[in-house]
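Me: Got a structure to go through with you. Can we take the fold, then the ligand, then a few residues?

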Amino acid sequence: RKVIFSGIQPTGVPHLGNYLGALREWFRLQQNAGADDALIFSLVDQHAITVHQDPKQLRQWKKESLAILLAIGLDPKRCILFHQSDVPAHVEMMWILSRQASTGYLGRMTQWKDKTTNLIRGNSTSADTPKPGLSLFAYPVLQAADVLVHGATHVPVGEDQVQHLEFSRELATSFNHSYGKGILTPPTTLISPAKRVMSLVNPNAKMSKSAVNPKSRILLTDSTEAIGMKLKSALTDSVEGVTYDPAVRPGVSNLVDAILYTSDGEYGSQEDVVRDLQGASMRALKEKAAESVERAIGPVREQYFEFIADERMLREIATDGAERAKQNAGVVLKRAQRAIGFDW
Ligand code: ATP
Ligand code: MG
């Protein structure tokens, strides 16, 4: 039996990278799941607050993110969809696991290093420079808890999360070593073929919800025109023709990838795309990318606007999801609590 778990931060409307790297895989897994398999997807608001969030904005994003999960085709009858902070078992499990988490290892995590340099660099002139807090440092432990407390066997994510999942496996193994075999399940990482969609303005960085420049990402709610405009202004290079070479031509290669992964089987590989666009101008490449992206995410946008209008339904789904998530997480949490001697 498979237990599939994954999460997304409600830190903005999900973008093309989230969709191709994670959300679309979640949907595929749902479509291919066996009757016994569990599918659990969380809006991880506790991860969102590891950097400052405006409360009003966060509320809105939580709602919008849930609507997106429905819009991509996740079925609340088939999946458990819930907000992380509605299920206290996650933080309880985090505290239990924290004993096994090495501070040296956490300090070497690439996300910690990136985000702390960004925080410090981005605000070096302001008097109230936000200092990275304990939660930003410790959040991989919470992420491990998210996965382990649900007994996940498989976790579909983009490439940037691979290191964190390796950490989750190590925590599970080390916990089991201390307290008994089989208490926690070290999960398998599932990586999507489109594992790293790059920013449109800086193709050496991944596309991100939290990047400052809104032109760096295509949102799943962007209009056809907005998609066209953002791709038109995407950074490429002045080499003639279309080739695929991510190290030398990151911008062009990112667009080739975007076409391949939104082509719905029309192309089998990057080479196929390149062959089709041989000698094409940058403008033609961008237009082709815009068409292909629109075809892939247009239907999501249409659905989204229906779901976001029905607040009552969103609330019902979140309440029901939280109940079911509590039940599921309770099983492993109890087992872990018993193993360490919390029962007496
Ligand atoms: P933030 O900047 O707030 O961290 P994010 O864009 O990285 O936002 P997350 O909510 O952190 O989004 O990640 C949700 C899922 O999307 C994860 O599985 C992550 O690996 C995947 N993902 C994020 N960005 C990309 C990307 N550019 N390409 C492929 N997958 C991605
Ligand atoms: Mg992220």
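Me: How many helices and strands are in the chain?
Reply: This is a predicted model. The chain has 13 helices and five strands.

Me: How does the radius of gyration compare with the globule rule?
Reply: The chain comes out at 21 Å, close to the 20 Å the rule gives for 344 residues. So the chain is as compact as a globular protein of that length.

Me: What does the C-alpha trace span along its principal axes?
Reply: About 75 × 45 × 40 Å.

Me: And what share of the chain is buried?
Reply: Buried residues are 40% of the 344. On contacts, take those with a separation of 6 or more: 75% of them join residues 24 or more positions apart.

Me: What are the confidence scores like?
Reply: The average pLDDT over the chain is 95, and 97% of the residues score at least 70. The model has ipTM 0.99 and pTM 0.96.

Me: Where does pLDDT stay under 50?
Reply: Over residues 123-127. For that stretch the model has three contacts beyond four places in sequence.

Me: Switching to domains. What does the assignment give?
Reply: Two entries for the chain. Domain 1 covers 3-197 + 311-340, and domain 2 covers 221-305. Their C-alpha centres are 30 Å apart.

Me: How many residues are in contact between them?
Reply: Eleven from domain 1 and nine from domain 2. On the domain 1 side, α1 (16-32) and α3 (55-71) each supply at least two residues.

Me: Which class are those domain 1 residues, nonpolar, polar or charged?
Reply: The side of domain 1 that touches domain 2 has eleven nonpolar residues, no polar ones and no charged ones.

Me: OK, ligand 1. Which residues are closest?
Reply: Q9, G17, G21, G158 and S210. In total, 19 residues surround ligand 1.

Me: Which element gives the largest share of that shell?
Reply: Helix α1, with four residues.

Me: And how does the shell divide by class?
Reply: Five nonpolar, nine polar and five charged residues sit around ligand 1.

Me: Now single residues. Is P156 buried or exposed?
Reply: P156 is buried, because it has 22 C-beta neighbours inside 10 Å and the cut-off for buried is 20 or more. P156 lies in strand β4, residues 154-157.

Me: What is P156 in contact with, beyond four places in sequence?
Reply: I4, S6, A22, E25, W26, L29, L190 and S192.

Me: What about Q111, where does it lie?
Reply: Q111 lies in helix α6, residues 110-122. Q111 is partly exposed, with 15 other C-beta atoms within 10 Å. Q111 and N176 are 65 residues apart in sequence and 27 Å apart in space, C-alpha to C-alpha.

Me: Last one, D264. What is its phi?
Reply: Near 55 degrees, a positive value in a residue other than glycine. Most residues other than glycine have a negative phi.

Me: Where is D264 placed, and is D264 buried or exposed?
Reply: D264 sits in the loop between α10 (250-262) and α11 (270-276). D264 counts as exposed, because it has 9 C-beta neighbours inside 10 Å and the limit for exposed is 12 or fewer.

Conventions
Residues are numbered from 1 along each chain as its sequence is written. Chains are lettered from A and ligands numbered from 1 in the order in which they are written. This is a predicted model: local features need pLDDT of at least 70, side-chain atom pairs count only at pLDDT 80 or more; totals for chains, interfaces and linings use all residues. Domain bounds come from an automatic or database domain assignment. Two residues are in contact if their C-beta atoms, placed from the backbone, lie within 7 Å. Ala, Val, Leu, Ile, Met, Phe, Trp, Tyr, Cys and Pro count as nonpolar, Asp, Glu, Lys and Arg as charged, and the others, Gly among them, as polar. A residue is near a molecule or strand if its C-beta atom, placed from the backbone, lies within 6 Å of it. pLDDT is the predictor's confidence in each residue, from 0 to 100. The radius of gyration is taken over C-alpha atoms; the globule rule is 2.2 Å times the number of residues to the power 0.38.
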